[in-house]
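Biologist: I'd like to learn how to read a model like this one. Can we go through it together, feature by feature?

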Amino acid sequence: MRIETCFLFDLDGTLVDSVYQHVLAWNQALDAEGISLSVWRIHRKIGMSGGLFTNQLLRETGREISDGHVAKLGRLHAEAYGRLSGQIRPLPGAKALLDTLTAAGIPWAIATSGRMETARVNLDALGVDPDRVPVVTRDMVKYAKPDPDLFLAAADRLGKPIETAVIVGDSIWDMLAARRCRGLGVGLLSGGYGTEELERSGAVRVYEDPADLLDHLDEVGGRR
């Protein structure tokens, strides 16, 4: 009896080269509201839920932020990200990786902490139609990463047990979520986190980018 693997992918920094555009968009949104936060600190939060982002923002700036203010920051971020959307490109090997899984009959889905208004830009760049491919966004779950809800929902959309999932992401938040739901975490360096950070957070393998993962797909159960 053989366990049949499925793949669950994060989006930003995993399949699409968009992490730094998100960083700049958040920087612009915060600047517009007179909130000063170093760019490197923003980068460390990309991939977590908006709620956790806000909690950390409060700790680091010492400011009180109302729910209305949080919502406004989210809108400003989405608007700034939209202005940067022309820079968004698939990461090397991303399309080939997804095509290879599809051709091999290996189920895959996308689970992103972004809301659909920003995720759609990335999906368009990747050539993924959310009406034909299972895509779970922040709008569809109660909690985002590092909670495992996004990955659990994506596995459910595929009709597969989460224990059979290879969860591919670029951030520590992806790996922590994978560990919590008992999926197999695989890290990519294409979002800016280092190998040791990803491994400490639960990654069993770390590759440079989707192209590197594709070259080693058999190492993580990606074969039929």
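Biologist: Let's start with a side chain: does histidine 22 count as buried or exposed, and why?

Modeller: Before that, the ground rules: this is a predicted model, where local features need pLDDT of at least 70 and side-chain atom pairs count only at pLDDT 80 or more, while totals for chains, interfaces and linings use all residues. Residues are numbered from 1 along each chain as its sequence is written, and side-chain values use heavy atoms, with hydrogens and water left out. Buried means under 20% relative accessible area, exposed over 50%, and partly exposed in between (1.4 Å probe, protein chains only). Histidine 22 counts as buried because its relative accessibility is 6%.

Biologist: Where does histidine 22 lie, and which side chain does its own side chain make a polar contact with?

Modeller: A polar contact is a pair of N or O atoms within 3.5 Å; within protein, one must be able to donate a hydrogen and the other to accept it, and residues adjacent in sequence count only if both atoms are side-chain atoms. Histidine 22 sits in helix 1, and its side chain pairs with that of aspartate 12 at 3.0 Å. Helices (H or I, at least four residues) and strands (E, at least two) are DSSP runs, numbered from the N terminus.

Biologist: How does helix 1 pack on helix 4?

Modeller: Two packed helices are described by the angle between their axes and the distance between the axes. Here the axes of helix 1 (residues 19–32) and helix 4 come within 8 Å and cross at roughly 130 degrees, which makes the pair oblique. Axes are lines fitted to C-alpha atoms, for helices over the stretch in contact, with angles from 0 to 180 degrees between N-to-C directions; under 35 is roughly parallel, over 145 roughly antiparallel, 65 to 115 roughly perpendicular and the rest oblique. Contact (heavy atoms within 4.5 Å) involves, among others, His22 and Trp26 of helix 1 and His77 and Tyr81 of helix 4.

Biologist: And aspartate 10, what are its side-chain polar partners?

Modeller: Threonine 14 at 2.9 Å and lysine 145 at 2.7 Å. Aspartate 10 lies in the loop between strand 1 and strand 2 (16–17), and at 5% relative accessibility aspartate 10 counts as buried.

Biologist: Which residues touch the most other members of the largest nonpolar core?

Modeller: Such a core is a set of buried Ala, Val, Leu, Ile, Met, Phe, Trp, Tyr and Cys residues joined through side-chain atoms within 4.5 Å. Of its 32 residues, Phe7, Phe9, Ile110 and Leu213 touch the most other members. Apart from it lies another core, of 22 residues, including Trp26 and Leu76.
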